[in-house]
Amino acid sequence: MTGNLQFEALSVETLSSRLGDNEALRARIGKDTSAWKVREVGDGNLNLVFIVEGASGAAVVKQALPYVRLVGDSWPLPLKRSFFEYHALTRQEARAPGSVPAIYHFDEGQALIIMEYLSPHIILRRALIEGRQLPNIARDIGLFMARTLFRGSDLHMAAKDRKADLALFAGNVELCDITENLVFSDPYFDARMNRHTSPQLDDLVAELRADRDLKVEAQRLKHIFAANAETLLHGDLHSGSIMVTDSQTRMIDPEFAFYGPMAFDVGMLLANFWMSFFSQRGHEQSGKRDAMRAYLLAVTVETWVVFRAEFSHLWRTERTGMLYQKSLFEDQGDRLGAEQALDHVLDQIWTDLLGFAGIEVHRRILGLAHNADFETIADEDLRASCEAKALKFGRHLAVNRRQIHSIDEVNHLAALIEQESSI
């Protein structure tokens with residue numbers, strides 16, 4: 001297959017014949033295509049994902065479709081998103097080595113990437129639903145966010161290189177549009193593709209959609225998202241975009257990558273831990289999940305502590321870009337000035353991430369793309385009870401983020417809300 005052919009979606013039946021002469025794939029799994037075993041495992045909202053196994057190994061083939069898979073061809077989407085995913089993965093690997101799957105081949109014309117098959121990894125969200133307490137995720141994810149966000153910004157990159165990168169990723173218009181609408185706007189009015197647990201949440205949903213302060217803050221956060229091109233973001237960093245074992249953590253699926261505010265990735269990621277926390281009561285069929293709830297709150301603390309520490313380390317050792325130049329501070333013997341500036345940057349990230357986290361909670365319960373943490377709770381009354389608590393928590397973060405000063409304060413609030421009686 002070459003990039004010059006007209007795009008054609010792969011299938012389990014056609015993959016071996018169409019990719020049988022691909023040297024990168026043959027090198028990974030073996031040359032005998034008759035021995036290839038192909039499975040389609042994509043459970044996301046957008047793409048086809050195949051696991052291809054052969055005599056000597058396995059690989060993943062991911063292909064974009066010209067529409068949103070969750071909705072169908074009534075919602076067209078450009079194939080070029082695979083281009084942005086490929087370029088994001090190469091930059092993430094350079095900036096945080098070992099944190100993403102290895103890339104073996106990219107075909108822009110067919111919108112496909114051949115990459116490392118991660119095994120025995122599972123999706124982090126599934127592990128958390130199962131009640132698994134993974135020991136390394138907070139450290140691994142905190143380091144990944146600090147390294148990719150710092151090293152992709154004007155704090156580290158040469159200005160001309162960052163501007164060239166900004167121009168390249170500025171073309172990811174359609175996926176940014178999905179975030180701008182589905183995350184920041186649609187949950188707060190009766191958008192056509194919204195859904196929620198009804199009728200149990202109807203009154204609370206009406207209350208949130210009439211909440212002027214909440215809607216204003218959601219739009220202020222949307223303004224920051226759209227206007228603050230600080231660094232190259234993953235753009236969709238949640239527990240469904242992370243694969244784990246007890247000893248390894250890998251980030252996947254950065255097709256929403258673009259230049260935006262550092263706080264967005266961090267807030268979206270922490271929101272998914274908090275949503276998992278609120279969902280745990282719906283997964284207690286085999287016993288209480290008190291220890292799992294405590295673990296999840298501890299993960300949010302460690303993730304933020306690791307992020308701050310690594311970001312601060314990079315500030316002191318790799319601040320080579322045009323922002324907060326050392327010529328103004330350390331080179332003049334003013335280390336305290338550099339530390340003061342660092343505090344300001346981290347404080348702004350903290351305040352904004354809380355807002356983004358609150359909005360992410362809302363969109364996952366009220367918008368189009370829900371997550372399995374809540375969706376797999378079969379008892380609708382129990383699910384709605386978990387969701388209602390998360391919605392109240394999200395509202396508080398978004399509206400009152402400037403008055404919240406520590407991760408412990410956030411987790412204390414989460415624990416208090418979780419202990420409230422059901423709706």
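This is a predicted model: local features need pLDDT of at least 70, side-chain atom pairs count only at pLDDT 80 or more; totals for chains, interfaces and linings use all residues.
Reader: On which side or sides of helix α7 do its buried residues lie?
Author: In helix α7, residues 173-183, the buried positions are Leu175, Cys176, Ile178, Thr179, Leu182 and Val183. They cover an arc of only 150° around the axis. That arc therefore puts them on the same side of α7.

Reader: How is α3 oriented relative to α6?
Author: Two packed helices are described by the angle between their axes and the distance between the axes. For α3 and helix α6 (residues 159-169), the axes come within 11 Å and cross at roughly 150°. Angles over 145 degrees count as roughly antiparallel. The orientation of α3 to α6 is therefore roughly antiparallel.

Reader: Which residues make this contact of α3 and α6, and how many of them are nonpolar, polar and charged?
Author: From α3, the contact uses Phe83, Phe84, His87, Ala88, Arg91 and Arg95, while α6 provides Asp165, Leu168 and Phe169. By class, the residues of the contact of α3 with α6 divide into five nonpolar, one polar and three charged.

Reader: How many aromatic pairs does the structure hold, and what is the arrangement of Trp304 and Phe307?
Author: The structure holds 18 aromatic pairs. In the pair of Trp304 and Phe307, the ring centres are 5.5 Å apart and the planes stand at 15°. Planes under 30 degrees apart count as stacked, so this pair is stacked.

Reader: Where do Trp304 and Phe307 lie, and are they buried or exposed?
Author: Both residues belong to helix α11 (residues 290-317), where they are three residues apart, about one turn of the helix. Buried means under 20% relative accessible area. Trp304, at 7% relative accessibility, therefore counts as buried, and Phe307, with a relative accessible area of 0%, is also buried.

Reader: What is the arrangement of Trp315 and Tyr324, and how accessible is each residue?
Author: Trp315 and Tyr324 form a tilted aromatic pair, 5.2 Å centre to centre with 45° between the planes. At 0% relative accessibility, Trp315 counts as buried. Tyr324, at 34%, counts as partly exposed.

Reader: Which residues do ring pairs link into a cluster?
Author: Trp304 and Phe307, the stacked pair described above, belong to this cluster. Ring pairs link into it Phe150, Trp304, Phe307, Phe311 and Trp350.

Key: Residues are numbered from 1 along each chain as its sequence is written. Side-chain values use heavy atoms; hydrogens and water are left out. Buried means under 20% relative accessible area, exposed over 50%, partly exposed in between (1.4 Å probe, protein chains only). Helices (H or I, at least four residues) and strands (E, at least two) are DSSP runs, numbered from the N terminus. The arc is that of the directions from the helix axis to the C-beta atoms. Axes are lines fitted to C-alpha atoms, for helices over the stretch in contact, and angles run from 0 to 180 degrees between N-to-C directions. Angles under 35 degrees count as roughly parallel, over 145 as roughly antiparallel, 65 to 115 as roughly perpendicular and the rest as oblique. Contact means heavy atoms within 4.5 Å. Ala, Val, Leu, Ile, Met, Phe, Trp, Tyr, Cys and Pro count as nonpolar, Asp, Glu, Lys and Arg as charged, and the others, Gly among them, as polar. Rings of Phe, Tyr and Trp (its six-membered ring) pair if their centres lie within 6.5 Å; planes under 30 degrees apart count as stacked, over 60 as edge-to-face and the rest as tilted.
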